[in-house]
Amino acid sequence: MTKSALVDNHNITITGPENGQPMLFAHGFGCDQEMWRHVAPHFEDRYRVILFDYVGSGRSKRRFRRSKYQNLSGYVDDLVEICTTLDLRDIIFVGHSVSAMIGLLAVQQIADRFTKTILISPSPCYLNVGEYLGGFERKEIDQLLDSLESNYQGWSDQMASLLMYDAAHPELTQELSQSFCRMDPTVAYTFATATFLADHRSILPGHAIPTLILQNKQDRIAAEVVGEYTSEQIPGSQLVYLDNIGHCPHLSSPQLTIDAIENFL
């Protein structure tokens with residue numbers, strides 16, 4: 001694929017100095033690059049800031065194929081393609097939620113292109129498995145997916161409330177719900193299944209790139225124990241707790257998020 005076609009297909013936007021170190025922001029499930037609007041501009045004076053939309057999200061124009069995106073490997077392939085086609089090197093990767101694992105999987109393929117990874121509200125596995133506490137029983141995830149299929153509007157409202165978990169910011173909950181509703185239900189179901197049923201704990205110990213993990217103190221999607229586990233498994237990683245309620249600190253506590261990233265960089 002040509003560079004111009006890739007940029008158009010993923011609605012890629014690039015700002016900052018042309019010779020700046022690339023800082024690639026990857027949004028979470030049901031969102032798009034607009035979710036970085038309070039954080040990404042802060043880094044444009046020094047870094048080459050790259051934003052994009054996953055297939056089926058935001059203003060992406062690339063055709064969604066369920067067979068490709070039924071697990072995270074399809075999204076990983078797209079991320080790798082973005083990095084290689086744009087010839088990005090010394091990348092600082094910033095991934096929210098499921099994009100944290102998508103980013104780590106991409107690093108496995110093209111590690112020489114990355115220099116730092118910043119994982120915001122990550123979870124390698126949302127399921128409770130043995131002694132590992134991911135936060136959800138399998139039956140809870142199945143009910144969540146069934147609700148998505150049967151009542152997408154209701155599911156969008158419920159999921160947005162679960163993600164934000166903050167009565168002080170009802171406008172952000174509404175924004176998330178509207179973002180979910182803009183996704184085609186088939187895309188949402190496929191991406192949700194790939195997200196919530198995945199188990200990528202095994203890749204953590206092999207991740208050798210300097211890593212920052214930002215963990216919210218009140219997060220109903222990825223609790224503190226998940227962030228602590230992720231940090232323990234990634235050698236040399238830094239774990240920073242944010243005094244933030246909910247799963248999306250880049251929306252509800254952008255300055256805390258910016259400060260933590262700056263300190264790491």
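In the predicted model described here, Tyr 75, Val 76, Asp 77, Leu 79 and Val 80 of helix α3 meet Ile 102, Gly 103, Leu 105, Ala 106 and Gln 109 of helix α4, where contact means heavy atoms within 4.5 Å. By class, this contact of α3 with α4 has seven nonpolar, two polar and one charged residues; Ala, Val, Leu, Ile, Met, Phe, Trp, Tyr, Cys and Pro count as nonpolar, Asp, Glu, Lys and Arg as charged, and the others, Gly among them, as polar. The model is a predicted one, in which local features need pLDDT of at least 70 and side-chain atom pairs count only at pLDDT 80 or more, while totals for chains, interfaces and linings use all residues. Residues are numbered from 1 along each chain as its sequence is written, and side-chain values use heavy atoms, with hydrogens and water left out.

Two packed helices are described by the angle between their axes and the distance between the axes. The axes of α3 (residues 73-85) and α4 (residues 98-109) come within 9 Å and cross at roughly 60°, the axes being lines fitted to C-alpha atoms, for helices over the stretch in contact, with angles from 0 to 180 degrees between N-to-C directions. The two helices are therefore oblique to each other, given that angles under 35 degrees count as roughly parallel, over 145 as roughly antiparallel, 65 to 115 as roughly perpendicular and the rest as oblique. Helices (H or I, at least four residues) and strands (E, at least two) are DSSP runs, numbered from the N terminus.

Seven strands form an open sheet with mixed pairing, in the order β1-β3-β2-β4-β5-β6-β7; two strands pair if DSSP finds at least two bridges between them. At the edges stand β1 (13-15) and β7 (238-245), each with a single partner strand, so one side of each is left without a neighbour in the sheet. From one strand to the next, the twist averages 20°. Helix α4 packs on this sheet, where it touches β2 (21-26), β4 and β5, and its direction makes about 145° with that of β4. Helix α9 (residues 224-233) also packs on the sheet, touching β6 (211-218) and β7, and its direction makes about 165° with that of β6.

Within the sheet, β2 pairs in the parallel sense with β3 over five bridges and with β4 over four bridges. The bridge partner of Met 23 in β3 is Val 49, whereas Ala 26 stands opposite Gly 95 in β4. Strand β2 is mostly covered, five of its six residues being buried, that is, under 20% relative accessible area, with exposed meaning over 50% and partly exposed in between (1.4 Å probe, protein chains only). Strands β4 (residues 91-96) and β5 (residues 114-120) pair in the parallel sense over six bridges, and Gly 95 stands opposite Leu 119 in β5.

Arg 62 is found in the loop between β3 (47-51) and α2 (66-69), and is buried, with a relative accessible area of 18%.
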